[in-house]
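Trainee: Could you walk me through this one? I'm new to it.
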Amino acid sequence: MATRIDPDVKFIREMQAAGGESLKKCYQCATCSVICPLSPEESPFPRKEMVWAQWGMKDKLVNDIDIWLCHNCGECSDYCPRGAKPADLLAALRNTAYTSLARPAVLGKWMSSARYLPILFIIPAILFLIVWAATTGLTIPEGEIIFAKVFPTLAAIDPIFILVTIFVIFTFIYSVGRMLSSFREAGFVPGENSPSLLSSLGGVIKDQVLTHVKFKDCETNQDRYPGHLFVFYGFIALAVVTGIIAAAYWGDKLFDVGFTTPLALWNPVKILANLGGIALIVGLVYMTRSRLNQDPKMTVNSYFDWYLLGVIWVVVVTGFLAQIFRLADAASLAYTIYYLHLVTVFMLFAYLPWSKLAHLVYRTVALAYARQIGRAGFRE
Amino acid sequence: MADKKTGVYICTDCEIGEKLNMEKVTEYINEECSPAVMKQLPFLCSKQGVEEIKKDIDGEGINRVCIAACSPRVMWDVFDFGPDVLTERVNIREHAVWSFRDPGLPEPEDEELADPLTMMVRDYIRMGIARLEKSEYPEKEPLDAVMNVLVMGGGLTGLKAALDNAETGYDVVLVEKEDKLGGFAAKMYRQTPTKHPYTQAENPDIGELIRKVESNDKIKVMTKSEVQLIKGAPGRYIVTVNSGGEEQELNIGSIVLATGWKPYDANKLGHLGYGKIKNVVTNIELETMAKEGKLVRPSDGMPVKSAAFIQCAGQRDPEHLPYCSAVCCMVSLKQAKYIREKDDDAKAFIFYIDMRTPGVYENYYREVQDDPGIFLTKSEIQEVSEDPDGQTIVKVKDTLLGEDLEVAVDLVVLATGMVSTISDEAVLKLGYRQGEQLPDLDLFNGFADSNYICFPYETRRTGIYAAGCVRQPMSMSTAKDDAAGAALKSIQCLESVNRGLSVHPRSLDPTYPKFNMVRCTQCKRCTEECPFGALDDDEKGTPEPNTPRCRRCGTCMGACPERVISFDNYSVSMLNEMIAAIQVPDDEEEGGYRFLVLVCENDAYPALDMAAMRKHKWSASVRFIGIRCLGSVNTQWIAESMSKGMDGVLLLGCVYGDDYQCHFMKGSELCNKRMDNIGETLERLQVEAERVQQKQVAIDQYDQIPKIIDDFIEEVEGFGPNPYKGF
């Protein structure tokens, strides 16, 4: 039975705008699928994604699990005889997934173009200004620099970020559910003897996420391996620190066992925090340098790439500067920078499901699902 | 004319001197031929060598020079002693010294015999002298040619050919059937790119060319005119042209045939919906719609928001046109843009077998492919049908999408192909005995093509040069180049026939076939077999030569059973004399077998030279004679050889058939037919038919020549010596 096809020209333009600008150049030679170190043997990517994209076959593409199997090494784009940049298309498809999977959809729209960046900034900016106004009336408090004087943990930071966390978690539950049902719609259904999704998830985290083994498989683009690894473990370290501090704070408050910030520099938790921050900076330097050095003929950096990189940079830099100015006793600078730090941390986490960072959830789940249904790369 | 006085000059360089027993050779030649002068000179092609010969010409009155040295294909300019001296080049270097393989025969007891290499060289020099004895001074047939060109067809190719001819200084008559010049090119909305970077379709620029042609004093434009009759020959054609009912006769020198193409009849494409579904149109019809600004559905006048282009609508299909029409892929890419031009959400699908955009046209393919609203896939059309809501459904299989698919579109465009205008109607209307059309080799699908590598533009009627799409389907850029090529050919023809020289491929040959009508029996073989229709005849069948049409291949000479046709330096009796000059040992065990090899000068002879230069060796029992074409082989030569006791005759000539390489199109093929007859005759005489064979050699097969020769000899030696030897 022949499939009726009515290409969605608007969707093609969207993908072109989302980073896949060269997708129409493909002439389906399949060099990309042959060269890809991660592509499965059976109906390999990215050739089929290229032809679906050229023909505006949105239904196929939004349900495609393979976009998450790709780790964007760019080998396909390097070898493409037409300069069609398949790697960029897959990145664009992931970008499209970030903006379209989660609800409310308007956030996806705001995240997709620099045009809306002021809105994204202004929301936390006003929020934390209100806090500031409520605590010290927008003035710099006297005495020892303690950020909680302006942004109290109990009254502001924790409620805001706990709400943000709950919002993000629920958003992800909803969007991951949508993603999995789209995979099933595309015919990717676990067989009778398949392992459970949970055990697959455990396996993926253990075998792939923690080791970054797929990055190593992408031989052409080895630079990205240390960069991503540093950023990944930097974040883990900071997440652990945040967890300890939150636990200590509430332990202190409720059971009187624990401590409050600021911590001394020699405190192991503080050391871990600074190490995490340094790891982030090292990783960011790697990532930024490799993006800047990329051959524009081979790949194009999208807004999604720069948004995430930029926000993380600001988070890290403001974090360190806040600490430095605090120790230097430069109160007005320290508080202002800390304010900016809070705003960008909010931007990083509250919008996470619509940002490129959402790959941390989507890709992990998709890889787990792929493992569950037995869709493995050629070399696995 | 002075008495014949022959001088023989033997070069001793290029290994000739060291390998050859010069004393024995010269002694024999002196005895048998007694030339006025005979000299052995080192480095004969040097200034000193040539001076030595010239000294004898001036001092001794030598007027026939026999150069026994290298191949006539080299140093031909060095050994040119002017029109009063006949020169014969005896190729003892390639044919003898370099390719000689010692058969290891015992020392001959017979005094007349000698060692095999000496005998070989003796034979060749004797043959050369025999040829000189029989040669006449070449005599041209002068002609006061009409120095103008008739261009048939006022489309792009014709206009360009007319302009090129006029700008080179020749008068042109341009005859166009329609009332306006420009042809298809003038009916286009846009033309495919012609300029760097070849990414944008252009507004048609044919108007500029038309203006240049119309304002050129040397070009006489006749619109609404058709050629009624072409009589005569190059340089003296009389062409009857009908202009709006009025006939006039024009004197014409040569002709450029640029009548172009017509679209394949889409009514034969019912399986693609044409004629059954209103919204199925041809690419020509779409072009007109676009030009008129009416891109609407023919069924209801609604704007076209989507279109499907079906490539190869008839082309590359054995049921319709077995060939590719060269431009349809580019045309559909261009027309897909028409659909997209006014509506950014419009869609154009192109279903192709292969996307053929050769060379720099790839840039345009890329450009169009990059359009988000244009969708391309390789596919096979399954069905074109109509939807109740007025859309047309195109179903295709074997697509790049990995599944069968269908699209519903407002318009289906069939990319129909090109058919040559001469394929089914007599456009030329020649008053030639062999018919009014160009003879069709059934190799070019009705196009007026010849071997496109060796003889582009040349038709099988000398003086008529085809260019543009009447010759091959081609793009407008190629057609412009074609026009220039055919214009140059038409000029070459004028200039050559005006000097009484052959046009091509024996360019500048002054000799031509002379007919001794006294002995003609009006058998008509020459008039029928001439590959170029050069001969007409009267009502009794007596041939009427038209020398300017002739290409000097000698096919008529080979055909004539009465030997009434000969050239000043090439005739049946001359080759008979040369064959007679070959010494055939009575006893093959003492002197070896003898075989005659008649070698076509076009490809086989150079192939032999190449083989020898590369130090290939072959049997020493062969004797080569270069000939103009296998078509010129007269059965007399075979009879002469066999009756004098030679053991076999091998004919080396060009490939014939579908991939023919014969420079005279039909020569080697005709020869092959004649050899069949010879075989029958031989068998009647109780001689094995296999003693006479024809082999086809392409010029790049030089390395196979030794094997061809040796295999032939081995086969014939299996039969034993010629039973008539010694009679």
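Predicted model: local features only at pLDDT ≥ 70, side-chain atom pairs only at ≥ 80, totals over all residues.

Trainee: How many residues does the contact take from chain A and chain B?

Mentor: Chain A contributes 16 residues and chain B contributes 19 residues, where two residues are in contact if their C-beta atoms, placed from the backbone, lie within 7 Å.

Trainee: Which element gives the largest share on the side of chain A?

Mentor: That is α1(A), with four residues; helices (H or I, at least four residues) and strands (E, at least two) are DSSP runs, numbered from the N terminus.

Trainee: And which strand of chain B does β1(A) join?

Mentor: β1(A) is joined by two bridges to β19 (residues 405-409) of chain B, and the two run parallel, with T3(A) opposite L405(B). Two strands pair if DSSP finds at least two bridges between them.

Trainee: Switching topic, what domains does chain A have?

Mentor: The domain assignment gives domain 1 (9-101) and domain 2 (105-373), with bounds that come from an automatic or database domain assignment. Their C-alpha centres lie 27 Å apart, and the contact between them takes 30 residues from domain 1 and 37 residues from domain 2. On the domain 1 side, α7(A) gives the most, with 11 residues.

Trainee: What about α16(A), is it buried or exposed?

Mentor: In α16(A), 14 of the 20 residues are buried, so the helix is largely enclosed by the rest of the structure; a residue is buried if 20 or more other C-beta atoms, placed from the backbone, lie within 10 Å of its own, exposed if 12 or fewer, and partly exposed in between. The 20 residues of α16 (residues 331-350) of chain A should span 28 Å at 1.5 Å a residue, which agrees with end C-alpha atoms 28 Å apart, the expected span being 1.5 Å times one less than the number of residues.

Trainee: Last one: in what order do the strands of the open sheet in chain B come?

Mentor: The order of the four strands is β28-β27-β29-β30, with parallel pairing. β28 (622-627) and β30 (692-696) of chain B stand at the edges with a single partner strand each, so one side of each is left without a neighbour in the sheet. Five bridges link β29 (residues 648-653) of chain B to β30(B), and G653(B) stands opposite Q696(B).

Methods. Residues numbered from 1 in each chain as written. Chains lettered and ligands numbered in written order.
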